[in-house]
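Here is a short note on the charged pairs in this model, plus a look at one helix. Please read it with the structure open.

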Amino acid sequence: MSSDIRHHCGLFGIVGHPDAAELTYLGLYAQQHRGQESAGICAADGKKIALRSGLGLVTDALRQRDLAEIHNPIAIGHVRYSTTGSCSEPNIQPLLVTCSIGQIAVAHNGNLVNAARLRREYEEDGHIFVTTSDTEVVLHMLADRRFGEKPDPLAAVLRQLCGTYCLVLLYPDRIEAVRDPSGNRPLCLGRLGEAWVVASETCALDIIDAAYVRDFEPGEIVTLSRSGLSTRRFVEAGACRRAHCIFEYVYFADPSSDIFGENVHRVRRALGSALAREAPADADLVVAVPNCARCAALGYHEESGIAIGRGFTTNHYVGRSFIQPTQPIRDLTVRLKLNPIRGSVAGRRLVVVEDSVVRGTTTRGKMQSLRDAGAKEIHLRVASPPIRYPCYYGIDFPSREELVADGRTVEEIRAYLGVDSLAYLSLEGMLAAAKTGSTDFCHACFSGEYPIPIDPTFHKGVFEQGQLRFFDATEATPLQPVKPC
Ligand code: SF4
């Protein structure tokens with residue numbers, strides 16, 4: 001289902017290392033799964049900030065020569081997810097500006113649900129925006145004298161933001177890294193010799209041999225400079241309920257990473273085990289739909305005792321940039337990326353484990369290719385509940401009408417996907433597998449319970465398909481009622 005979800009990002013930052021830009025490059029490379037539309041690095045020498053960035057994968061966007069030109073001891077980086085439509089260079093992050101308080105660069109993971117309102121207010125005051133990104137409003141606020149006069153201007157700005165955000169801000173002499181009060185996205189702190197490191201996922205620490213120190217607390221600002229580390233809060237501890245994105249466990253994060261206090265592989269395996277208990281199948285072979293479902297398939301195999309095998313080969317050389325927006329081409333791309341192994345699946349009753357199903361068109365194509373390869377029966381098991389609701393917190397799902405589970409029963413979805421049986425993991429089963437407590441998670445795309453305010457009369461705009469769309473409050477009735485955080 002991976003090509004059905006767009007817009008999530010990866011962050012990295014390092015202070016106090018002579019090869020900061022090169023290490024940032026590696027940190028972004030390790031987090032390439034979080035964003036493939038563009039990559040950028042900003043590096044500072046204590047006085048000024050330089051930016052290098054481009055469209056595409058890290059290896060396409062940044063060249064060795066770029067890194068040599070920004071060989072400074074402080075750096076931040078960002079990878080952004082691919083969309084099937086066009087992506088524009090102004091939206092590449094980090095965003096770097098020179099304003100009344102000097103140079104600032106910002107990299108963001110998440111979605112500011114009140115960005116549209118804030119932006120409109122600034123535009124009415126004559127401010128000029130150069131991107132369609134919600135992130136840019138943060139820079140306008142930091143340059144705003146009304147916030148600059150506060151004792152802690154950054155904290156004052158952050159208190160005005162609503163939504164989800166991990167931010168890594170680069171000033172000429174330091175990094176300020178922030179996690180929102182709900183802790184919706186992961187952000188961790190690491191140590192490499194004398195250098196301090198921040199990253200969305202611990203896999204980025206591993207790749208540069210940095211030691212994991214701890215996760216950022218929700219509502220925490222950490223300042224990293226050559227003179228060390230200091231930390232402060234911009235909201236009181238426990239002021240908002242935690243709302244970790246459970247989809248990080250289901251699909252986004254790398255299996256080797258530890259996020260929200262758990263290893264991702266372990267959680268995915270537990271999701272598969274729970275699925276086997278809730279939805280057993282009479283079958284000969286468990287196969288995963290690569291790559292994300294491999295851990296869940298392993299859990300299903302361990303719990304059910306059914307043999308596990310490979311159902312597909314993966315073509316590693318098909319990049320996301322190949323994916324075209326039309327459905328026929330998308331179907332062909334699925335076949336190119338995942339080719340069924342006839343010798344493994346022909347004549348056998350398969351339990352096929354998927355991490356999630358979004359539009360269903362991709363999954364349907366995969367199931368058809370297994371049938372074409374001779375599979376006798378296909379029992380599709382999905383290691384998460386049906387996705388029925390949009391995400392307003394930075395994940396660009398297709399519109400609600402495009403979700404295969406919207407308005408359909410499980411039996412109707414089964415018929416559409418063309419499988420012999422279909423079962424999803426329950427919400428309770430998913431939360432129990434994640435273990436750290438159901439009240440700590442956002443699961444709005446599954447349940448419709450939005451933990452962070454998305455009151456349409458408040459934010460007056462949403463990001464859809466990567467673009468900011470304003471609307472009148474009367475248009476926004478599909479949004480769910482929300483409780484204050
Ligand atoms: Fe994550 Fe879904 Fe919540 Fe969005 S709505 S933050 S994808 S759990």
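1. The side chains of R65 and E69 meet in a salt bridge, at 4.0 Å from N to O. A salt bridge here is a side-chain nitrogen of Lys or Arg within 4 Å of a carboxyl oxygen of Asp or Glu. Both residues sit in helix α3 (residues 64–69), four residues apart, about one turn of the helix. Helices (H or I, at least four residues) and strands (E, at least two) are DSSP runs, numbered from the N terminus. R65 counts as exposed, at 52% relative accessibility. E69 counts as partly exposed, at 45%. The cut-offs: buried is under 20% relative accessible area, exposed is over 50%, and partly exposed lies in between (1.4 Å probe, protein chains only).

2. A word on the basis. This is a predicted model, with residues numbered from 1 along each chain as its sequence is written, where local features need pLDDT of at least 70, side-chain atom pairs count only at pLDDT 80 or more, and totals for chains, interfaces and linings use all residues. Side-chain values use heavy atoms, with hydrogens and water left out.

3. E217 pairs with R233 in a salt bridge, the closest N and O atoms being 3.6 Å apart. E217 lies in the loop between β11 (211–215) and β12 (220–225), and R233 in strand β13 (residues 228–233), so the pair ties together parts that are 16 residues apart in sequence. E217 is partly exposed, at 32% relative accessibility. R233 is partly exposed too, with a relative accessible area of 34%.

4. Which residue forms a salt bridge with E37? The partner is R80, with the closest N and O atoms 2.1 Å apart. This pair links distant parts of the chain, 43 residues apart: E37 is in the loop between α1 (20–30) and β2 (38–44), and R80 is in strand β4 (residues 74–80). E37 counts as buried, at 4% relative accessibility. R80 is buried, with a relative accessible area of 7%.

5. Salt bridges also form a network, which links D152, D173, R174, E176 and R232. By the rule used here, the count comes to 29 salt bridges.

6. Now the helix. In α4 (residues 115–124) the buried residues are A115, A116, L118, R119 and Y122. They share the same side of α4, because they cover an arc of only 165° around the axis. That arc is taken from the directions from the helix axis to the C-beta atoms. G126 follows α4, and its phi is positive, near 100°.
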